[in-house]
Amino acid sequence: MTAPRNATTGRGGKRLYSWRDEAYWSVTTIIGGGVPKPALLPWGIKMVAEGAVEFADQLPAMILADRDGAIRFLKGLPYAKRDKAADLGTLVHEAAEAHALGRPMPPVDADVQPYLASFELFLADFTPEILATEASVYNRTEHYAGTLDLILRLSLPVVGVGTFILDAKSGKAVYPEVALQLSAYRHAEFIGLPDGSEGPMPKVDGALALHLTANGYRLIEVRCDDE
């Protein structure tokens with residue numbers, strides 16, 4: 001899994017951003033350290049159990065050859081699943097950039113194609129104007145940073161036309177802490193541009209979570225006000 005621009009991930013998954021010789025805590029690291037995730041432990045156990053069944057034919061030989069290596073392999077299965085989801089997020093960013101620039105969609109593996117097709121369906125349904133993709137945003141006052149998926153302009157029922165921060169999710173569900181994540185992005189003070197300059201953080205009307213599945217998508221309005 002590739003870290004976002006200007007970010008490093010240390011042992012234990014803690015991520016820091018560096019900008020002009022200053023260190024900024026990652027938004028997702030802050031939320032991960034403060035919001036309990038009771039579903040994470042059962043999910044990790046399930047990934048290891050499913051892997052043990054899937055590789056049942058190979059495991060005896062693996063254990064005989066290298067018992068500690070076989071244990072490391074099983075322990076690493078949840079992280080492999082997590083990184084695959086992160087790779088899907090990267091593909092969504094690439095697809096959004098291709099859409100914004102009028103280029104062909106990137107080629108993808110067969111197991112990822114249904115999710116990308118769901119993203120393309122969202123694009124066809126809403127025809128958004130994409131203003132930024134994978135932008136690294138910073139709050140110097142509070143010393144946090146993060147990389148948002150999209151800033152776009154589109155029309156929503158009832159709400160009408162507006163500018164929104166959008167975060168694409170491809171997991172089993174969209175969890176409430178996405179509101180904390182998107183609120184932090186909305187209240188960033190500037191965008192760190194690739195050339196080292198600082199751009200203004202656009203004024204947005206709200207935030208959206210785009211839940212991509214193999215069978216379609218859900219677009220969810222997310223509260224991200226001052227409170």
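Is arginine 72 buried or exposed? Arginine 72 counts as exposed, at 55% relative accessibility, where exposed means over 50% relative accessible area, buried under 20% and partly exposed in between (1.4 Å probe, protein chains only).

The model is predicted: local features need pLDDT of at least 70, side-chain atom pairs count only at pLDDT 80 or more, and totals for chains, interfaces and linings use all residues. Residues are numbered from 1 along each chain as its sequence is written, and side-chain values use heavy atoms, with hydrogens and water left out.

**Whole chain**

Display the chain as a cartoon. Seven helices and 10 strands are present; these are DSSP runs numbered from the N terminus, helices being H or I of at least four residues and strands E of at least two. Of the 227 residues, 37% count as buried. Among contacts (heavy atoms within 4.5 Å) with a separation of 6 or more, 57% are between residues 24 or more positions apart. The chain exposes about 13200 Å², of which carbon and sulfur atoms supply 57%; accessible areas come from the Shrake-Rupley method with a 1.4 Å probe, and for residues only the protein chains shown count as cover.

**The nonpolar cores**

Select Val137, Leu148, Ile151, Ile165, Leu182, Tyr185 and Met201. Within the largest nonpolar core, of 22 residues, these touch the most other members. Such a core is a set of buried Ala, Val, Leu, Ile, Met, Phe, Trp, Tyr and Cys residues joined through side-chain atoms within 4.5 Å. Two or more residues each come from helix H1 (27-34), strand S4 (129-139), strand S5 (144-156), helix H7 (178-186) and strand S9 (206-213). H7 gives the most to this core, with four residues.

Beyond its neighbours within four places in sequence, the contacts of isoleucine 151 include Ile130, Ala132, Phe164, Ile165, Met201 and Val204. Another core, of 17 residues, lies apart from the largest one and has Leu150, Phe164, Leu208 and Leu210 among its members.

**Asparagine 139**

Move along strand S4 to asparagine 139. This residue counts as buried, at 6% relative accessibility. Its side chain reaches the backbone oxygen of histidine 187 at 3.0 Å. Not counting residues up to four places away in sequence, asparagine 139 touches Tyr24, Tyr144, His187, Ala188 and Glu189.

**Salt bridges**

The structure holds seven salt bridges, each a side-chain nitrogen of Lys or Arg within 4 Å of a carboxyl oxygen of Asp or Glu. Return to arginine 72, whose side chain meets that of aspartate 66 at 3.9 Å, N to O. Aspartate 66 is partly exposed, with a relative accessible area of 37%.

Now select glutamate 198 and arginine 140, which form a salt bridge at 2.6 Å, N to O. This pair links distant parts of the chain, 58 residues apart: glutamate 198 belongs to strand S8 (residues 198-200), arginine 140 to the loop between S4 and S5. Glutamate 198 counts as partly exposed, at 29% relative accessibility, and arginine 140 is partly exposed with a relative accessible area of 29%.

**A surface patch**

Finish with Leu16, Trp25 and Ile30, a nonpolar surface patch with about 270 Å² of accessible area together. Patches are made of residues with over 30% relative accessible area and no salt bridge, like charges being joined within 9 Å and nonpolar side chains (Val, Leu, Ile, Met, Phe, Trp, Tyr) within 5 Å. Leucine 16 lies in strand S2 (residues 15-19) and is partly exposed, with a relative accessible area of 34%.

Definitions and conventions. A polar contact is a pair of N or O atoms within 3.5 Å; within protein, one must be able to donate a hydrogen and the other to accept it, and residues adjacent in sequence count only if both atoms are side-chain atoms.
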